[in-house]
Amino acid sequence: MSNQVNFGEGKINENYPSAIKTMLEQGKDPKDLLIQYCRPQCKWYDDKYDRCVKAFLSLKNADPEKNCMYPYRDLVTCVEACVQPKIQHALRGNENGFIFH
């Protein structure tokens, strides 16, 4: 598996911090692209969500109270835990590891 994600203008690899800073300086939001980068790291949660959706769709008399909210929440939490620090560390004012003093 390659560590590269297509970021429109080019590819991002292990040098992603400089690419994120460049995007932020250009006024672009890197979050959607980082989601693509981070989602493969959450494959277990992604597979769990897919299994839930398949099971739910296979029910003929599905109870409306049953859904896949919790597996989806777990997937989103995993992806956000990967994305947020990558953006946070690239923000101006965070050179020392924290924004607020």
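This is a predicted model: local features need pLDDT of at least 70, side-chain atom pairs count only at pLDDT 80 or more; totals for chains, interfaces and linings use all residues.

Mentor: Residues are numbered from 1 along each chain as its sequence is written, and side-chain values use heavy atoms, leaving out hydrogens and water.

Trainee: How many aromatic pairs are there by the rule?

Mentor: Rings of Phe, Tyr and Trp (its six-membered ring) pair if their centres lie within 6.5 Å; planes under 30 degrees apart are stacked, over 60 edge-to-face, and the rest tilted. The count by this rule is two.

Trainee: Why is the pair of Trp44 and Tyr45 called edge-to-face?

Mentor: Their ring centres are 5.0 Å apart and the planes stand at 90°, so the pair is edge-to-face.

Trainee: What makes Trp44 count as exposed?

Mentor: Buried means under 20% relative accessible area, exposed over 50%, and partly exposed in between (1.4 Å probe, protein chains only). Trp44 has 56% relative accessibility, so it counts as exposed. Tyr45, at 30%, is partly exposed.

Trainee: What kind of pair do Tyr49 and Tyr72 form?

Mentor: A tilted one, with 5.2 Å from centre to centre and 50° between the planes. Tyr49 is partly exposed at 22% relative accessibility, and Tyr72 is partly exposed at 44%.

Trainee: What is the mean pLDDT of the chain?

Mentor: pLDDT is the predictor's confidence in each residue, from 0 to 100. The chain's mean is 77, and 68% of its residues reach 70 or more.
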